[in-house]
Protein chains: 2
Amino acid sequence: MKSNLGVITEKLKNNKIRLSHQRLKVLEYLDENRIHPTVEQIYNALHDEIPTLSKTTIYNTLNTLSEAGIVKSLNIEDNEARYDIRTDEHGHFKCKKCEEIYDFEVDMDKVAVKDLEGFRIFSKDLYFFGICPKCSNKNT
Amino acid sequence: MKSNLGVITEKLKNNKIRLSHQRLKVLEYLDENRIHPTVEQIYNALHDEIPTLSKTTIYNTLNTLSEAGIVKSLNIEDNEARYDIRTDEHGHFKCKKCEEIYDFEVDMDKVAVKDLEGFRIFSKDLYFFGICPKCSNKNT
DNA sequence: TTTTATCTTGTAATAATTACAATATAATAA
DNA sequence: TTATTATATTGTAATTATTACAAGATAAAA
């Protein structure tokens, strides 16, 4: 499976963000692990390869990248941010049992929305909660 | 404007939750101040009236009430929970300028959702972000 | 290669939330 | 009403996520 390093560096260059080793590794990790990881998870995954890596760097990197619109930060429960390399409009389903987060396609324009005349809308977050098929089948 | 103390106590009794002074005050505050407040805001508002009130109590209360489905906790940005006494399905718009949160009506069933066959869905959170009309009109 | 602006790192600070034990209180029974 | 008891409240301390900051390191431009 070929990595998307080319696409990643291109995105950074377009946004005039320096191509540091750490930034590339964080983005590569997000690209290859579509699990909507927390900072902790990213840190644990990259720490072996980059022993000097600091958690502050991951926070700085993700803040820079979300401001540039290259990654999307998710505030889905638990007061711990998660990060998604997909920035196109889609929904997130979180399983209450296994805690896994699934992407799903959604047509936000079909949401019937009254009460928002005169509101300028920049972004839309849609979170569903429930039990995923895997956990539904694991019943006692 | 008559308060809904009757409705509130009824809800607690139905859920076998004790009618403590603190719980009633927190619920009354949420009912009369539809601003989706943080724990901090609730604490500041009630502290004058109940000088011994502890922040831990507010956390405990809100956790109990959300588990019972009497209030809804919102994870809308900033890693600081907000609380809503409305528990029916509706969306939340957060203004990026004034930080105010607005309710809006939404028909979630109209959201075209593929990819969720076999998923049992318990709840749906919809958050919009942008600029509210008040702030749009405050332009330079 | 040199320069310089910016990044990374480690530590310390901040902020939100929870754990816990002692005291207080609501609900129940007498 | 009073006594009992299970549960709630409180204050403090602990935990966890995130940010602030300054010194050293590095990517990009000259």
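Tutor: A polar contact is a pair of N or O atoms within 3.5 Å; within protein, one must be able to donate a hydrogen and the other to accept it, and residues adjacent in sequence count only if both atoms are side-chain atoms. This is a predicted model, in which local features need pLDDT of at least 70 and side-chain atom pairs count only at pLDDT 80 or more, while totals for chains, interfaces and linings use all residues. Residues are numbered from 1 along each chain as its sequence is written, chains are lettered from A and ligands numbered from 1 in the order in which they are written, and side-chain values use heavy atoms, leaving out hydrogens and water.

Student: Which side chain has an N or O atom 2.8 Å from a phosphate oxygen of DNA strand D?

Tutor: That side chain belongs to Tyr59(A). For Asn79(A), a backbone N or O atom lies 3.5 Å from a sugar or linking oxygen.

Student: How many residues surround DNA strand D?

Tutor: A residue is near a strand if one of its heavy atoms lies within 4 Å of it. Here 19 residues surround DNA strand D, with Tyr59(A), Ala81(A), Ser20(B), Gln22(B) and Thr57(B) the closest.

Student: What share of chain A is buried?

Tutor: Buried means under 20% relative accessible area (1.4 Å probe, protein chains only). In chain A, buried residues make up 44% of the 140 residues.

How values were computed: Buried < 20%, exposed > 50% of the residue type's maximum accessible area, 1.4 Å probe, protein only.
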